[in-house]
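Subject: Structure handover

Dear colleague,

Here is the structure I said I would pass on. My notes on it follow below.

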Amino acid sequence: MTVRVRIAPSPTGNLHIGTARTAVFNWLFARHHQGQFILRVEDTDLERSRPEYTQNIVDGLTWLGLTWDEGPFFQSERMDLYRQAVQTLLDKGLAYHCYATPAELDAMRAAQEANNEAPRYDNRHRNLTPDQKAAFEAEGRKPVVRFRIEDDRVISWTDLVRGQVTWQGKDLGGDMVIARAASSTEMGQPLYNLVVVVDDIDMAITHVIRGEDHIGNTPKQILLYEALGKKIPEFGHTPLILSPAGKKLSKRDGVTSISEFQEMGFMAPALVNYMTLLGWSPTDSTKELFSLAEAAQDFEMQRVTKAGAKFDWDKLDWINSQYLHTMPIPELTDRLTTVWQAAGYDTQAVSQPWLAQLTTLLAPSLTRLKDAAEQAQVFFTPDLTRNEEASAQLQQANVPEVLAFIAQQLQQTSDFTAEAAKDLISQAVKQHGVKKGLVMRSLRAALTGEVHGPDLIETWLLLHQRGWDQTRLA
């Protein structure tokens with residue numbers, strides 16, 4: 001058997017991290033078993049689906065490196081297939097037209113609520129006579145199509161994550177609507193539980209791996225597989241991604257879409273690495289950094305946890321920093337150049353070696369790509385604003401004289417190298433009888449406007465190439 005899995009996002013919003021993590025698990029499972037990963041776009045919600053969301057989903061999956069083997073397929077282009085399946089169920093007597101009005105359904109639910117009963121459809125139109133149907137149609141009622149669910153039916157499956165799961169038919173809310181209202185001669189739009197089953201049958205999906213928020217749909221879908229006479233795939237319901245407070249991650253918690261993570265400066269391999277750890281652990285539990293290909297070799301659904309996975313910004317930042325710190329300088333320079341250009345810095349005014357030198361200087365302190373914009377400001381902007389701590393440093397005793405001495409000696413230095421810079425610092429220490437630390441802190445405060453930062457000598461060399469050190473020391 002060839003493993004075939006799918007990711008089926010709805011284009012009613014940007015690619016959410018929960019959907020992306022589900023895509024990661026499906027992709028890893030498919031690659032581990034040398035199977036197929038399929039992209040299907042569930043765009044039957046015509047009012048809320050947008051082409052820009054579809055593009056965001058495709059772009060996000062591509063950016064993450066989750067290449068698909070088939071698709072994207074669009075449900076909106078497959079309506080005839082779904083209507084044919086609904087008609088098959090009607091012909092078999094496993095589905096029927098229900099003429100209950102919204103007002104009648106509201107009254108039914110109100111009565112159930114008053115009696116402290118769970119809301120459910122009471123199957124009132126399951127066995128209508130031809131005369132009753134004709135009377136309803138004469139009133140102008142447009143029926144939905146409902147699928148029969150017997151209360152005494154027991155539905156069980158062995159979940160890839162949760163083991164044996166059992167549902168009672170009586171807990172599924174009564175007979176299920178599988179097509180919207182239209183007329184007795186014209187079928188309305190087929191609905192989610194029906195179309196997803198038809199798609200998975202048509203695409204020969206062998207394993208359905210999705211979030212635990214879908215677990216309530218699974219028994220209904222199993223019944224539909226049986227009614228259509230098709231093989232039931234294996235199901236695996238992964239844990240939800242939770243906020244740091246332990247609740248389901250939502251937009252209220254801030255960033256949730258993949259494009260937002262990208263804009264914040266996270267690397268795709270780092271984000272995928274982190275998402276893989278949200279609910280799954282490798283065989284070597286001490287290993288936290290790995291590529292998609294490495295994770296695929298080790299990925300088994302048995303190692304997916306049942307408990308929700310809390311989102312940890314600190315952990316994501318740490319993983320991202322590890323990828324940045326080990327990235328080859330030429331590649332990182334290209335990425336940071338894009339960041340600097342987006343910040344409005346003129347990267348054309350300096351040489352490529354200068355940009356690589358700046359990248360080498362800043363790389364060890366980067367957590368996210370966008371950090372480089374603020375950290376590089378003093379290297380791209382002539383004007384300098386000194387913070388309070390730096391201003392206080394420059395007002396200490398002997399500091400003005402020390403900096404004036406260094407500026408004077410600098411004018412007489414034709415070949416300014418790292419050794420020349422160190423020699424100037426040593427001369428200032430001897431000439432003014434001060435500690436080396438005072439000179440170093442004062443130099444940094446004068447050159448960068450701060451008293452903390454990356455290597456001072458390399459910083460000085462970069463600023464000297466721009467001719468800005470003399471101005472800032474004056």
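A residue is called buried here when its relative accessible area is under 20%. Val 350 has a relative accessibility of 15%, so it counts as buried. Please keep in mind throughout that this is a predicted model.

Val 350 sits in the loop that links α12 to α13 (352-362). Leaving aside neighbours within four places in sequence, Val 350 is in contact with Leu 355, Phe 380 and Arg 466. Of these, Phe 380 is 30 residues away from Val 350 in sequence, and the two C-alpha atoms are 9.2 Å apart in space.

Leu 355 turns up again as a contact of Thr 337, together with Thr 347, again leaving aside neighbours within four places in sequence. Thr 337 belongs to helix α12. With 12% relative accessibility, Thr 337 also counts as buried.

Next, the parallel sheet. Three strands make up this open sheet, in the order β1-β2-β3, and their pairing is parallel. The edge strands are β1 and β3 (70-74), each of which pairs on one side only. Direction ignored, neighbouring strands in this sheet are turned by 25° against each other on average.

Four bridges hold β1 and strand β2 (residues 36-41) together in the parallel sense, and Arg 4 stands opposite Gln 36 in β2.

The side chains of strand β1 (residues 4-7) are worth a look. Arg 4 and Arg 6 point one way, Val 5 and Ile 7 point the other way, and all are buried.

Helix α1 lies across β1 and β2 and runs at about 165° to β1. Asn 26 has its place in this helix. Its relative accessible area is 0%, so Asn 26 is buried. Not counting residues up to four places away in sequence, Asn 26 touches Val 5, Arg 6, Phe 37 and Ile 209.

Then the antiparallel sheet. This open sheet also has three strands, in the order β4-β5-β8, with antiparallel pairing. Because β4 (95-98) and β8 (176-179) stand at the edges with a single partner strand each, one side of each has no neighbour in the sheet. From one strand to the next, the twist averages 45°. Strand β5 (residues 144-147) and β8 run antiparallel and are joined by three bridges. Arg 146 stands opposite Val 177 in β8.

On the nonpolar cores: which residues touch the most other members of the largest one? They are Trp 340, Leu 358, Ile 406, Leu 443, Trp 460 and Leu 473, in a core of 101 residues. Helix α1 (residues 17-32) contributes the largest share of this core, with nine residues. Ile 406 touches Leu 424, Ala 428, Val 439, Leu 443, Trp 460 and Leu 473, not counting residues up to four places away in sequence. Another core, of 34 residues, lies apart from the largest one; Tyr 82, Ile 149, Leu 172 and Met 176 are among its members.

If you open the model, two places to begin are Asn 26, which is buried in the model, and Val 350, in the loop between α12 and α13.

Regards

Key:
Residues numbered from 1 in each chain as written. Predicted model: local features only at pLDDT ≥ 70, side-chain atom pairs only at ≥ 80, totals over all residues. Heavy atoms only, no water. Pairing = 2+ DSSP bridges. Axes fitted to C-alpha atoms, helices over the stretch in contact; angles between N-to-C directions. Core = buried A, V, L, I, M, F, W, Y, C linked by side-chain atoms within 4.5 Å. Buried < 20%, exposed > 50% of the residue type's maximum accessible area, 1.4 Å probe, protein only. Contact = heavy atoms within 4.5 Å.
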